Amino acid sequence: REKDRGATYVGREKHVVTCVKRHIPRSVQDEMNLYYDVTIDDTTTFKTLKNYSVGDTVYYEIYKINK
């Protein structure tokens, strides 16, 4: 698969969830698609439909783009 996309697998990073907040809906569409704001140990925050718990592990798969 990586070769099809012109990318080479570099490695994997392990991070721990440090904070989970339920996103406050601001519209009807937000209410229909409830999601969570998850913060990990490197202070990155992302939105997800999955309800993570503090202490869960998140893995980043890292690829190098071949030009």
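This is a predicted model: local features need pLDDT of at least 70, side-chain atom pairs count only at pLDDT 80 or more; totals for chains, interfaces and linings use all residues.
Residues are numbered from 1 along each chain as its sequence is written, and side-chain values use heavy atoms, leaving out hydrogens and water.

Q: Is Y52 buried or exposed?
A: Skipping neighbours within four places in sequence, Y52 is in contact (heavy atoms within 4.5 Å) with V17, V20, V38, F46 and V58. Buried means under 20% relative accessible area, exposed over 50%, partly exposed in between (1.4 Å probe, protein chains only). At 17%, Y52 is buried.

Q: How many residues apart in sequence are R12 and E61?
A: Their side chains meet in a salt bridge (Lys or Arg side-chain nitrogen within 4 Å of an Asp or Glu carboxyl oxygen), at 3.1 Å, N to O. R12 counts as exposed at 53% relative accessibility, while E61 is partly exposed at 40%. R12 is in strand β1 (residues 7-22) and E61 in strand β4 (residues 57-65), so the pair ties together parts whose separation in sequence is 49 residues.

Q: Which residue does K47 meet in a salt bridge?
A: The structure holds two salt bridges. K47, exposed at 55% relative accessibility, takes part in one of them at 4.0 Å, N to O. Its partner is D37.

Q: What is the angle between the planes of Y9 and Y63?
A: Ring pairs of Phe, Tyr and Trp (its six-membered ring) have centres within 6.5 Å; planes under 30 degrees apart are stacked, over 60 edge-to-face and the rest tilted. Y9 lies in strand β1 and Y63 in strand β4, so this pair ties together parts 54 residues apart in sequence. The centres are 5.4 Å apart, and the pair is edge-to-face at 70°.

Q: Why is the pair of F46 and Y52 edge-to-face?
A: F46 is partly exposed at 22% relative accessibility. The ring centres of F46 and Y52 are 6.0 Å apart. The pair counts as edge-to-face because the planes are at 85°.

Key: Helices (H or I, at least four residues) and strands (E, at least two) are DSSP runs, numbered from the N terminus.
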